[in-house]
Amino acid sequence: TLELLKETLLFVVAVKMVIFFFLGLYAGPWRFTGVLDLINLVKAGILGFFVVMVGMIYFYYPGGFSRSVFVIDAINTVLLVGFFRLCIRIGYSRQLLRGTLTGVFGSMLMKDKTAGRKNVLIYGANDRGEILLRSLISLHIQNSFNVVGFVDDQRKCKGMIIHGVKHLGGSNDLERLIGKYEVAEMMIASDPGKEIVSRVFNACQKNKIACRVIPPYIDVVHKRFGASQLKSISIDDLLRRDTVSIDYTHVADMIKGKRVLVTGAAGSIGRQLCMQLLEFDPAELVCIDMGENPLFFLQQEIRVATTGAPCFFYCSNINNLKKMEYIFSRHHPEIVFHAAAHKHVPLMEANADEVIQNNIGGTKNTADMSDRFGVKTFVFISTDKAVSPANVMGWTKRMGEVYVQHLAGRSRTKFLSVRFGNVLGSNGSVVPIFRKQIEDGGPVIVTHPETTRYFMTIPEAVLLILQAAHMGGQGDLLILDMGKPVKITELADVMIRMAGYTPDEDIQIRFSGLRPGEKLHEELVNCSENMIKTAHPKVSVVKNGCYSGGEVPEIVSSVLSENPENWERAYSKLKDGLESLGKPQEKYGIENNKAAPLAKNVD
């Protein structure tokens, strides 16, 4: 009756809330609802059924009401609360049916069978941590790992339970937790910042347990994500920058079904670019590189990872004009990423003729072929060394930027340049050199105690190159956000400690002095360039205008016409020619491509 309902409603609701609390149904975010939560909900329904029935019979016997109402109430509680939470869960993640129903249910059946399984902690009681947990307890690897808990420094995670796994504390509690739960491995799923990553890594090193990390650039929505992405922690992680997010939908629209060509495909940037492009299902991928062995290994790697797109590999120098003409006429690429270049500053100072021919001549050939064969978008990969150049590599890269701007003034191909600094771990970069010196017992050689460089990871650089290619307009020079410059001495210090040594005790750091062509500090723009923010927080644009006259081709032809033995004269012509150029025009000859969306000037 209505009167009985009014009298008992508060009692019934209070009983169920208490039961829900003690079964942990309020401890975890509803967006992580899984099978274990459903089981606990059923338990709560059954327990509530008995408590409410006993209470009602005790206080209202005989009561004049049907006993079946308790069963109906319990069923409705489970169905309505479960359906409500499931709707929230599906709203947050479309991967619910794919992973949770099998993985978590399987872990429940195997809950007590922990013999021979490795105890692990997961850092990150959030979406990434939850997806990693489901991957770890899925049926095919459930015998390998036993997740004992989550670690997270966010206050909102305190007391949280995700799929039956509790939040146990923050990074400051790690050493205690490692000992208490006999942890054999730490897995970092979220992106807590380099300070916490360093703290976690140091705790793992001190306790001699493994520490692996999910790279922060992996997107949990647009990419398959799980335990297979775990990798050993590296210098990239200890110098970790903010996670890069790109507009995957628009980048996919730009690449999918298109014929894409990459020069320098077997280099550090080119290789990652090829692997990332295949994720977006191009019609075909054309890879050009003059290094036989690197190109061979790229071919083998792509064959393992290929998504089905046809891939073509050409071992060719981009200075070979006939070969370039053959490749373009055969494949008619729609998008070209020009990453090929000589880049090692001190070595190239002694081989200026090769740098000039490759970095200027090769860029001219590739860009001219793109214009001639109607490529839709041409992306020139530049460098911070093109700003106020102090070496032949920087001058040639600056000439490449200018030549691209020249073609933008008269071509229907969208020509643009992307400029950024050093990438961690690239071939011949400071990181692998330091690593080898540490393995050999030192010393670690740093040029100058005050030397700084901009750094980003290779995957981060490639993702932003793709974003810039989508956003950039005709003739734009796009600048990637490199964050704050890193002192090379600090980098050496971190790498020595990563290897388990103490700097200047176990491994010495020595200073050699700046080498030919090197600068103490690099910069991303010069005083005459006006850097403007775009809609993407990590991509800015410099709108230089274009050089539509004949002065740029004349300078290029004059420089390239010199014989190798006259490299000094060629080098002089290059510098004098660039310095003699006036300001570029404000408008382009072809107005068919829109510029990147702009916001405001950068101070």
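Buried means under 20% relative accessible area, exposed means over 50%, and partly exposed is what falls in between (1.4 Å probe, protein chains only). This is a predicted model, so local features need pLDDT of at least 70 and side-chain atom pairs count only at pLDDT 80 or more, while totals for chains, interfaces and linings use all residues. Residues are numbered from 1 along each chain as its sequence is written, and side-chain values use heavy atoms, with hydrogens and water left out.

**View 1. Ile 509 sits in strand E20 (residues 509-511).** Helices (H or I, at least four residues) and strands (E, at least two) are DSSP runs, numbered from the N terminus. Ile 509 has 16% relative accessibility, so it counts as buried. Its neighbours, leaving aside residues up to four places away in sequence, are Val 444, Val 446, Thr 489, Ala 492, Asp 493, Ile 496, Pro 503 and Asp 504; a contact here means heavy atoms within 4.5 Å. Pro 449 is 60 residues from Ile 509 in sequence, yet the C-alpha to C-alpha distance is 9.7 Å. Look also at Asp 504, in the loop between helix H18 (488-498) and E20. Phi of Asp 504 is near 65°, a positive value in a residue other than glycine, and at 46% relative accessibility Asp 504 is partly exposed.

**View 2. The largest nonpolar core has 53 residues.** A nonpolar core is a set of buried Ala, Val, Leu, Ile, Met, Phe, Trp, Tyr and Cys residues joined through side-chain atoms within 4.5 Å. The residues with the most contacts inside this core are Leu 277, Leu 285, Phe 337, Phe 420 and Ile 465. Helix H17 (residues 458-471) supplies the largest share of the core, nine residues. Pick out Ile 465: not counting residues up to four places away in sequence, it touches Ile 269, Phe 337, Val 379, Ile 381, Val 418, Phe 420 and Leu 480. Another core, of 39 residues, lies apart from this one and includes Ala 352, Val 392, Val 404 and Phe 415.

**View 3. Helix H9 (residues 248-255) crosses H17.** The two axes come within 9 Å and cross at roughly 75°; axes are lines fitted to C-alpha atoms, for helices over the stretch in contact, and angles run from 0 to 180 degrees between N-to-C directions. H9 and H17 are therefore roughly perpendicular to each other, a label for angles of 65 to 115 degrees, with under 35 being roughly parallel, over 145 roughly antiparallel and the rest oblique. On the H9 side, Tyr 248, His 250, Val 251 and Met 254 make the contact, and on the H17 side it is Leu 463, Leu 466, Gln 467, Ala 469 and His 470. These residues divide into six nonpolar, three polar and no charged. Ala, Val, Leu, Ile, Met, Phe, Trp, Tyr, Cys and Pro count as nonpolar, Asp, Glu, Lys and Arg as charged, and the others, Gly among them, as polar.

**View 4. Helix H10 (residues 268-278) is mostly covered.** Ten of the eleven residues of H10 are buried, among them Ser 268, Gly 270, Gln 272 and Leu 278. Cys 274, also in the buried set of H10, has 0% relative accessibility. The closest cysteine sulfur to that of Cys 274 belongs to Cys 287, 3.8 Å away and too far for a bond. Elsewhere, the sulfur of Cys 211 is 4.0 Å from its closest cysteine sulfur, in Cys 204, which is again too far. The structure holds zero disulfides, a disulfide being a pair of cysteine sulfur atoms within 2.5 Å.

**View 5. Ala 309 lies in the loop between helix H11 (292-305) and strand E10 (311-315).** With 7% relative accessibility, Ala 309 is buried. Leu 278 and Pro 282 touch Ala 309, not counting residues up to four places away in sequence. Glu 279 is 30 residues from Ala 309 along the sequence and 9.8 Å from it in space, C-alpha to C-alpha.

**View 6. Val 52 has its place in helix H2 (residues 35-60).** Val 52 is buried, at 5% relative accessibility. Beyond residues up to four places away in sequence, Val 52 touches Phe 11, Val 12, Val 15 and Phe 70. Phe 11 is 41 residues away from Val 52 in sequence and 8.4 Å away, C-alpha to C-alpha.

**View 7. A cis peptide bond joins Gly 442 and Pro 443.** Omega is about 0°, and Pro 443 is in the loop between helix H16 (430-439) and strand E15 (444-446).
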